[in-house]
Every structure is written in structure tokens, then in C-alpha cells.
Amino acid sequence: MNPPRRLVPFFLLFQLALLPAGTLAQLVNTDYHALAEKISRKGLMENYAYALLSRLTRIGPRLTGSPQAAAAVELMRQEMLDLGLENVHLEPTVVGRWVRGEVEEGRLVSSLLGTIPLSICALGGSIATPEDGVQAGVLEVKSFQELQALSDKARGKIIFFNRPMDPTHIDTFQAYSEAAEQRVLGAVEAAKAGGVAALIRSLAFGESDFPHTGLMKYSPDAVQLPSAAISTRGANILSRSLKNDPELIVYLRTSCVTLSPVTSYNVVGEIKGTEKPDEIILLGAHLDSWDLGEGAHDDGAGCAHVIEALRLLKLTDIHPKRTVRGVLYMDEEFGGTGGRDYARSERRKGERHLAAVESDRGGFLPVGFGVGGGDAVERKVQSWHPLLQRLGIYWIKPGGGGVDISPLAESGTVLMEMVPDSQRYFDAHHCSQDVLAAVHPRELELGAIAMAVLGSLLAQEGI
Ligand SMILES: [Zn+2]
């Protein structure tokens, strides 16, 4: 539809007037406004993304290598077939398998304060404690530097990393990335200092009693120690108690185990391009999840975004010029093997991935897109902002990517990422609260619609 012939909000006309002439001509000549409207109406009428997420979460948590992850692969493959997507197939990837086990116990024992239970969980990849647990005094630190400075006090202790996520960041992912080294490398640093276990403050804001799991790593240079997360409430109790009784003891017991690797799969389906089928616009998310909740936000929501975007493109009869492909990756949480294996598969020969858009920041209201690829690419995507703005997309900024799609950067793919509002994300992230009830159907659907609109523009206009 030609914008001057219809009622458009003033801000839209103003924005269109600011566009470079060529881009404006494209937007006017092509009926993108009508297309975006059609996608949006269809999505909001049908709310399919939430229905799909509901079926996916019913399987239970989809920890990499687990039977539930295998069931999710089959559910999504079948879904793609039922929707009439083309080239639906599985691509194998060998993944590690870690199982939490039945036992997770934590408590502090103090001659002054008594015994207080602590809410803990093993971190992904950790070894278990000995069968009768670990019992030791505690050294609390806020950083690796502080631990090194106090190393004469660390021997034989449980090293308690208690640096909170910085609440002053508006971008909660920034706060997460600044605090995450404690979880990932805490056990290595604790071992180097002579500790007997690592206990990490959960990566969450505020005070709650749910421990948040996540990946931890070992180093060949350091002995392997059991590593666990403690809820933020537990961390506050422990920290306060240590001030009152520095001699208190913490008892930890876990029974997690690493089993042999298994073959799992990325799930792939697409709408073939009518003019340039070998040029691919990839929409990606990860199918595996952590095991304490249902992986609803992380990243069931992303999977629902991807499949719903493809469904909307198919139903609105766009017949994209370039292929729009959905990839549901396996093993983002436990090492990213799915993303790496996809990028280097023999199947990629003869394909050219122009752009990849990842959704792995939850199912909250979408507010922006991060766009890589430099100034010219960013300007081009900025010129499409009027089409996304009515969905609530406030901004398009440089940046973007994600664990799963980043291996495609080597071959020149432009990486992008959908960014939903992040204020509540870390309440649910990697813990028992990441369940379907924490996802709002309309917010989720708007994410899928935004992915569909951006995907259709990329497929028609290239990058
Ligand atoms: Zn994720």
C-alpha cells in the first residue's frame, strides 16, 4: 500500500521523510505496511506461539542429552512438517550428558546461630561431593582478586563467591555478564587457592530462595572441586551469619554425574526462496534448556518465536525471494556444539547465509533489535524501523549475535538479535521459575511477529 494514500501516524510520515530516497522508494513501491499489518493481525488473532510453547514445556526440562531433549527434537520436527515447511530435517551433533541426581543439600551449622538450611543446586558440569558431603569453614569473597589476596585463608575452605549482579545497569544482561565469571570459573579459582568446594551466589537480582544453575568449567591446571549455586536469600543469610560467627561450618551434598556423550540434533525447516533459494535468512533459537524449570523463557520462547515467524510468513503468502530458514539448535547451554556443527556442516556448501537473527533473551515484550555488520547494514535495517515500531520495537542498535549463530560470522553472515524487555528475565533464568506461567501469550506473540516482519524484509530486500 502506498503510504500517502492511507492514514498513517504523523511520526511514521516523519520517519519516512528522513529515509534515503532509494529506501523510501522501496518502502513505497512494496506493500510492506500491508504485509506487516497482515502478519500482526494473524499472529495476534491466533496466538499460536503460546500454544506451541505450551506443548513444548509439557515435555519437561530439555537438558542437553536427556530423553526430554530428544522428545523435543521430535516434537519440533513433526511441527515443522505439519506446518508444511520445506527441507525439514535433523542435523546431528554430539553433546555431553550431565545428570543432576537426587541429592542436593546445603546447611550452615553454627554453635552460636544453630543450623540453618541453605537453598542450593549443583552447577551444570560439576562433579558431585563425596557421598557423605563436604563440610568445611567458609571464606567469602566478592572477586577472584580478593580470593588471591586472601589465599592464605582459603586452604581447606568452601569458597563462597558473593558478588551480586549490579542492579544499577538498565541492561540486565550487562549485569549478568559482569557477574557470570564467578559461576563459570569459580571452581577453578577456588581450587587454585586450596579450597574444597565452590559456592556461588545465584545470578539474579533481589532476594529469592531459588538457586539458579548454569554452566561451570574446569581447567586442566586445577583439581576439580564440587561447585554449587546458592539462592540470593541463602547467600545473604550466609554472609550475615559469617559476620556473627566466622567459625561456622557449611555442609554441602550433591550427587550429579557426567555420563557418556550422546548424539542429538539441530532441527531445521524452511520456506524456500523463489528467486535466490541459496541465499538464506536464518531465524534461530535453542531447543535445549536447563533442568530446574521448563525452559519456557530460555529458550522455549525463542523456539516458539522462530516457528511462529515461519508459520506467519507461510500463511501470509509472501513467497520470499530468499530462503527463510528456522534452526532450533541443540546444546547452547552446555557448550554450543549445535551452533558450531551447523556452521561447519557439509550441508552448508553452496549456501550463503546473508543474515541470522537469534532469539535467546526470553519471551518478554520485544523492544529492540541488535544488528551487526557495520554502518551500512545498520542504516538499511534502521530504514525499516517504521514497520517494526508499531509492534513496540523502540530501537535498532549496533551489536547482536548469540552463542548459536555466532559461528556463522566467519563466513560473513550478518548477525542480529531480538531483544525483549529484560527487567524480569533473571527472575526465571536457569531456575525453577522458568515455567510457562512466567510467559505472557501476547508478549510472546509480538516477539514472533517482530521476527516475521524482520525476516520478510531481509528475505525480500537482502542486506
Ligand atoms: Zn538460552
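Student: Is His430 buried or exposed?

Tutor: His430 is buried, having 30 other C-beta atoms within 10 Å. A residue is called buried if 20 or more other C-beta atoms lie within 10 Å of its own, exposed if 12 or fewer, and partly exposed in between, with C-beta atoms placed from the backbone. Please keep in mind that this is a predicted model, in which local features need pLDDT of at least 70 and side-chain atom pairs count only at pLDDT 80 or more, while totals for chains, interfaces and linings use all residues. Residues are numbered from 1 along each chain as its sequence is written.

Student: Where is His430 found, and what is its phi?

Tutor: His430 is found in the loop between α13 (425-428) and α14. Its phi is positive, about 60°, although His430 is not a glycine. Most residues other than glycine have a negative phi, and most peptide bonds are trans. Helices here are DSSP runs of H or I with at least four residues, strands are runs of E with at least two, and both are numbered from the N terminus.

Student: What about His319?

Tutor: His319 also takes a positive phi, near 50°, in a residue other than glycine. His319 lies in the loop between α9 and β12 (322-329). With 14 other C-beta atoms within 10 Å, His319 is partly exposed.

Student: Which peptide bond is cis?

Tutor: The bond from Asp298 to Asp299 is cis, with omega near 0°. Asp299 is found in helix α9.

Student: Changing topic: which domains does the chain have?

Tutor: The assignment gives domain 1 (31-96 + 260-461) and domain 2 (101-255). Such bounds come from an automatic or database domain assignment. The centres of the two domains, taken over C-alpha atoms, are 34 Å apart.

Student: How many residues of each are in contact?

Tutor: In domain 1, 14 residues are in contact with 16 residues of domain 2. Contact means that the C-beta atoms of two residues, placed from the backbone, lie within 7 Å. On the side of domain 1 that touches domain 2, there are 6 nonpolar, 6 polar and 2 charged residues. For this count, Ala, Val, Leu, Ile, Met, Phe, Trp, Tyr, Cys and Pro are nonpolar, Asp, Glu, Lys and Arg are charged, and the others, Gly among them, are polar.

Student: How many residues are in the largest nonpolar core?

Tutor: That core has 134 residues, and those with the most contacts inside it are Leu53, Ile159, Leu199, Ala450, Met451 and Val453. Helix α14 (residues 441-461) gives the most to this core, with 12 residues. Domain 1 and domain 2 both give residues to the core, so it lies between them. A nonpolar core is a set of buried Ala, Val, Leu, Ile, Met, Phe, Trp, Tyr and Cys residues joined through C-beta atoms within 7 Å.

Student: What is Met451 in contact with?

Tutor: Leaving aside neighbours within four places in sequence, Met451 is in contact with Leu283, His305, Val306, Ala309, Val357, Ser359 and Met418.

Student: And Leu53, which helix has it among its buried residues?

Tutor: Leu53 is one of the buried residues of helix α4 (residues 48-58), along with Tyr48, Ala49, Tyr50, Leu52, Leu56 and Thr57. The cover over the buried residues of α4 includes α3, α5 (67-82), α9 (296-315) and α14. After α4 comes Gly60, with a positive phi near 100°.

Student: Which residues of α3 are buried?

Tutor: They are Tyr32, Leu35, Ala36, Ile39, Ser40 and Gly43. Seen down the axis of α3, these buried residues fall within an arc of 130°, so they line one face of the helix. The arc is that of the directions from the helix axis to the C-beta atoms. On the other side of α3, Arg41 and Met45 are exposed.

Student: What span should α3 have?

Tutor: Helix α3 (residues 32-46) has 15 residues, which should span 21 Å at 1.5 Å a residue, and its end C-alpha atoms are 21 Å apart, in agreement. The expected span is 1.5 Å times one less than the number of residues in the helix. Just after α3, Asn47 takes a positive phi of about 50°.

Student: Last one: is Thr168 buried or exposed?

Tutor: Thr168 counts as exposed, with 6 C-beta neighbours inside 10 Å. Thr168 lies in the loop between β6 (158-161) and α7 (172-192).
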